[in-house]
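Colleague: Before I use these labels, I would like to go through them one by one. Please set each value against its cut-off.

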Amino acid sequence: MRGAIVGDIIGSAFITSPQSTIDFQLLKPVSAYTDDTILTIATAAAILQQIPYEVSLREWTRKYPRAGYRPGFLEWALSNQTDIKYESHGDGAARRVSPIGFAALTLEKAMSDAETATLITHPMQEKIKASQAICGAIFLAKSGQGKKAIKEFLENEIGYRLPKQLSKDCAMRMEYNYHSPVPCAILAFLHSDSFEDAIRKAIWLGGPSNTIASITGAVSQAYYKHIPKSITRKSLSRLDREIEQVMLHFEDEHCNTFTVEDKL
């Protein structure tokens, strides 16, 4: 799941500065984790502790209340009234569910748990589909399925129509058609040849760069099973120790296809 966190940290510096090329400095002094990382960690912690996703979401938001959440979500998470529901039309669910794809033992489990985790805050069919697309793609990728199989899953099971070419125009059209950055993020992965190449293309597409790069990073980690050590060290050095510990614990339990060098 570190791919999601690395993507979030790298993408955070480009939210308001679109890139015209994929040749740019990956990490800048302002690069930092955002609410995408905190909520991803919350999902991972829920899986590790076998507690409800909602409980963990609230707990981790309270630990890091200044990570950049939407005001409505923050008010809901900090409230002591657990019977109050929060409904969003944003992308908060899709950007936090990647640990589910890594932990699931079957595709069906990945899809089911993605729905459960999404319904807490995003009870809309298109948002459920977006989360299922991510978790399903991660499950297939970690299981050794090729990009053709992943693309067929996205088209046949999720209903996404992915263009053959990668361009900023097609990314804008997909986000308009599906009301989500998820198809763009996965398309960047499908047209990449390495983890770093995928992250660069995700940011080059434009849009909410930290969210897109986080999603791309999660799927790319599952598929390539390698993140360059230099990128890992420079990115994860920006994490609080508590966040890093949850990430390492989760990867020891659910991401054991990585080499020892990758985990350094």
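Modeller: Burial comes first: buried means under 20% relative accessible area, exposed over 50%, and partly exposed in between, with a 1.4 Å probe and protein chains only. This is a predicted model, in which local features need pLDDT of at least 70, side-chain atom pairs count only at pLDDT 80 or more, and totals for chains, interfaces and linings use all residues. Residues are numbered from 1 along each chain as its sequence is written, and side-chain values use heavy atoms, with hydrogens and water left out.

Colleague: Which label do F73 and Y86 get?

Modeller: Both F73 and Y86 are buried.

Colleague: How many aromatic pairs does the ring rule give?

Modeller: Rings of Phe, Tyr and Trp (its six-membered ring) pair if their centres lie within 6.5 Å; planes under 30 degrees apart count as stacked, over 60 as edge-to-face and the rest as tilted. The count by this rule is eleven aromatic pairs.

Colleague: What makes the pair of F73 and Y86 edge-to-face?

Modeller: The ring centres of F73 and Y86 are 5.8 Å apart and the planes stand at 70°, so the pair is edge-to-face. F73 lies in helix α4 (residues 71-78) and Y86 in the loop between α4 and α5 (98-103), so the pair ties together parts 13 residues apart in sequence. Helices here are DSSP runs (H or I, at least four residues), as strands are (E, at least two), numbered from the N terminus. F73 and Y86 also belong to one aromatic cluster with Y69 and W76.

Colleague: Why is the pair of Y160 and Y178 called tilted?

Modeller: The centres of the Y160 and Y178 rings are 4.8 Å apart, with the planes at 55°, so the pair is tilted. Y160 is in the loop between α8 (147-158) and α9 (168-178), and Y178 in helix α9, so this pair ties together parts 18 residues apart in sequence.

Colleague: How do you know that Y160 is buried?

Modeller: Its relative accessibility is 4%, so Y160 counts as buried. Contact means heavy atoms within 4.5 Å; not counting residues up to four places away in sequence, Y160 touches K129, A130, A133, L154, E155, Y178, V182 and P183.

Colleague: Which residues touch the most other members of the largest nonpolar core?

Modeller: Such a core is a set of buried Ala, Val, Leu, Ile, Met, Phe, Trp, Tyr and Cys residues joined through side-chain atoms within 4.5 Å. The largest has 90 residues, and I10, W60, L154, Y160 and V182 touch the most other members. Helix α7 (residues 125-142) gives the most to this core, with nine residues.

Colleague: Why are α7 and α12 called roughly parallel?

Modeller: Axes are lines fitted to C-alpha atoms, for helices over the stretch in contact, and angles run from 0 to 180 degrees between N-to-C directions. Helices α7 and α12 (residues 209-224) pack at about 20°, with axes 7 Å apart. Angles under 35 degrees count as roughly parallel, over 145 as roughly antiparallel, 65 to 115 as roughly perpendicular and the rest as oblique, so α7 and α12 are roughly parallel. In this packing, I134, A137, I138, A141 and K142 of α7 meet I215, A218, V219, A222 and Y223 of α12.

Colleague: Why does H179 count as exposed?

Modeller: The relative accessibility of H179 is 52%, so H179 counts as exposed. H179 lies in the loop between α9 and α10.
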